[in-house]
Amino acid sequence: MEIKTFKKLDTKVYEETLENGLRIFIAPLKRNGISVSYTTLFGGKDISFIPEGSEEIYDCPPGVAHFLEHKMFDRKGENVFNFFNKSGTYNNAFTYKEKTKYIFQGPTNFEENLNFLLDYVATPTFTKTKVEKEKPIILEEARSNFDNPINMAFDTAMKNCFHENPYMFPIIGTFPSIEAISKEDIEMCYKTFYNPANMILVITGNVDPVDTLEIVKNNFSKRNYSSNKRGLKLKYDEPDSVAREYEEANMPITNEVFYLAYKINKKKLNMDLYKINHYLKCLFILKLGSLSLFNDEGLRSGELLGQLGSEIIDIDDHIIFGIYGEVKNATETLRKIQNELGDLSIEESDLELLKKSTLSNLILMNEQVTGTNNKIEEDVCKYGKVVYDVYDIIKGLSIKEYSELIKNMDLSNYTIAIAKNKKTS
Amino acid sequence: MKYEKIKRDGYNLHLIKTDKFRTVNMVLNYVGPRDKKSTVCLELLEMVTLYVTKDYPNRIEFAKACANMYDLRMRAGKQQWGKYNVFNLSVSFINEKYTKKGMNKKSISFALKQFFNPLTSNGGFDKEIFEMTKKLYKEELISLKDNPELYSHLRLKEEMGKKDFYSYTAAEELNVLEKINEKNLYSFYKKVLKNYDLEIFIIGDIDKDEVLSVLDSKIKRKINDDTVKDFKINHSKIRSRIKTVIEPSDFSQSKLDMGFKTENLTPFERQYVSYMYGSILGGGTDSLLFDEVRGKRSLCYYIYTTGDARSNFFQIKSGIDSRNIKKVISIAKKCVQKMKDGDFDDKLIEQSKKCYINVITENEDYPAPVLADYAGTYFFEKDSMEIRKKKISEVTKEDIMNFAKKIHLDTIYVLRGDKNGD
């Protein structure tokens, strides 16, 4: 095991890669709780791929990864929920666009729980009956998603942002695509992507790293993985332009919710993704967020109904810089936002201030069992590794580098989605 | 963790001293009677008090000053504890051991100064900030329906008893709101600071005398009534015929909210048995409702119970297809009956107990829930975390069945989704 340390933050991480390719990260923390996440790099966007040993593309209906996540809870023998409930342990699973993650959290019964997690993810049983039985449940979940205006705005923006990349589909799928998912699709996805070589295991909290690694190794010793190759994900030749620049979604709501997605070519930025993320966060806070005149004036005038939100999404050759919020009049607010982003320059003193507050919060890392688990897991999924020198990276952010970044940043490709009541407007 | 209550003129300090956390968290709880007017006023104070202050009339300068103090965070908030309203002023900051010597005292002092010196003019709150807040709150009330899950919950409470403490009627709040201006709100704020009972909780590795010296210098009140309060809401009547309300909507999913009232609960039932009942009926994936409605029949994605024993209020919540409304209600009623009959697996009792203990154990990892727990122990005469972990094991199946007889279905509210979803 290799021992790594988050520099200056006295949090140690024990790293190991098993022969079958599984990457393991264990961070012992002096807390009561234990948090475990087991993640496959397979999510909502992966609907077409070349299965291992095949030469043909296999196409699935959108929503297959999420459907598969639901069906992972079916198995011969003990029901997954029942097993964790017996010890009062919280367990759940989440599907994202680029990954699916299975978790449990609880202070007791760790060894049994960990073994069970590895077991159930390794041995699901899919049947046609159970797949059919799940459809009404997922359709109900989809209904409640589609009734949520911010989800609706996001889904619409993503649909219009891309020409080729299946990132354009909602994670949950669409009503017809959910209906169309078959047991065969689910099996094929499972076989292709639920392979240790395509997965990571992160354990944080009240654990001993050596004992924990033993448990994992023993568990895998009873399984044979014929190879550690992964199925092949397709590469998409995604242009810089968006597929559609504007769309309104009709919803029975009083106010308006918008999602503005800038599609930016990553290569042209010529900078480490980790840094891009931080600089864009600063940009948002200072131009449109909590430290901006835009926010203060918008609230005072009644245009904004709360602070805007933002996110940075990394998709192959592009990043999406997303800005969203609930407002009185989306068209008017969007005009002002774009006006505000006409000048991307910021003050050096403001950047230094944001660095200071970010750095001071970093020292809380070794108190946060689930937070630290998420951080490690997200780092590995996004950057392929844990970013241990986060402290130094943030300390090293500079106005000069920021200026380089914005000089290369092209905000001319974007799409706008607005959820609003078309009946009343 | 060492707990100490220190009685001072005008307030009590509850110090939870521990080196387990790198932060210091402090909450000032002002406790006063709950009525519609004070509820609306407190809602406004949440934003008016700390959006800007006398020292920092500019919002951005204020936010920057906080960021510069190693990201010190302050908040004004409102809580409803049964028959009482609570105004919270809270601050959290990183312990000076990890920032700069002298910052503990400086941070507390800074926070108190901002708490007690909002921006005012002509004997009222700053008019522009007040109008902004009022407008935002008004928008929130008008657009409640945009969030169908919250809306159906509030409508249920409204239908259960328009005169009840917990009844929330947007129209009524709007009426109250119209009568509030920057001047009478400021008088209300001053009244809260002067007359509401004040209990201050602080958790972290911090020196008692240092804290007391800052508090004493900033808190100028002489009297504090710290006699034990009865927070419980008792219902004047329990409905004998169940009330059903169905409201149409243009959403695609229907929201089902079933409201219950409880009566004559013993302290043991309120603290322990009500949790067990809710957990077995609809607490998680092993509950009766989850199993019957989702597991066996695929009729929903979520169904769960929630409630507040202090308000003698309990509810079942779910999102369903409008074609299945009757069916789900009927199954839910059967599950409620099963609780009365004791027709559930004993293993559910054991599992719920373990879950209860685990949640407490994990909460001990974080300062905010520990502080809230000490406050609960003090205000509501709740058992301490250690005692609760032991006492939960005393709950028997008979206790749960007895509790089931004291809970009565009162109102069924459905926000029907009429939009054709597929």
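This is a predicted model: local features need pLDDT of at least 70, side-chain atom pairs count only at pLDDT 80 or more; totals for chains, interfaces and linings use all residues.

Trainee: Okay, at what angle do α1 and α7 of chain A pack?

Mentor: About 90°, with the axes of α1 (residues 64-71) and α7 (residues 183-193) 10 Å apart. The two are therefore roughly perpendicular (that label covers 65 to 115 degrees). Helices here are DSSP runs of H or I, at least four residues, and strands are runs of E, at least two. Axes are lines fitted to C-alpha atoms, for helices over the stretch in contact, and angles run from 0 to 180 degrees between N-to-C directions.

Trainee: Which residues meet there?

Mentor: From α1(A), A:V64, A:A65, A:F67, A:L68 and A:K71; from α7(A), A:D185, A:I186, A:C189 and A:Y190. Contact means C-beta atoms, placed from the backbone, within 7 Å. By class there are seven nonpolar, no polar and two charged residues. Nonpolar is Ala, Val, Leu, Ile, Met, Phe, Trp, Tyr, Cys and Pro, charged is Asp, Glu, Lys and Arg, and the others, Gly among them, are polar.

Trainee: Switching topic: how many residues does chain A put into the contact with chain B?

Mentor: Chain A gives 46 residues and chain B gives 50. On the chain A side, α4(A) has the largest share, nine residues. That side divides into 18 nonpolar, 17 polar and eleven charged residues.

Trainee: And the sheet in chain B, what's the strand order?

Mentor: β9-β13-β10-β12-β11, an open sheet of five strands with mixed pairing. Two strands pair if DSSP finds at least two bridges between them. β9 (243-249) and β11 (300-308) of chain B are at the edges with a single partner strand each, so one side of each lacks a neighbour in the sheet. From one strand to the next, the twist averages 15°.

Trainee: How do β10 and β13 of chain B pair?

Mentor: In the antiparallel sense, over eight bridges. B:D257 stands opposite B:Y413 in β13(B).

Trainee: Back in chain A, what does A:L117 touch?

Mentor: A:V36, A:Y38, A:Y102 and A:F104, leaving out residues up to four places away in sequence.

Note on methods:
Residues are numbered from 1 along each chain as its sequence is written. Chains are lettered from A and ligands numbered from 1 in the order in which they are written. Angles under 35 degrees count as roughly parallel, over 145 as roughly antiparallel, 65 to 115 as roughly perpendicular and the rest as oblique. Two residues are in contact if their C-beta atoms, placed from the backbone, lie within 7 Å.
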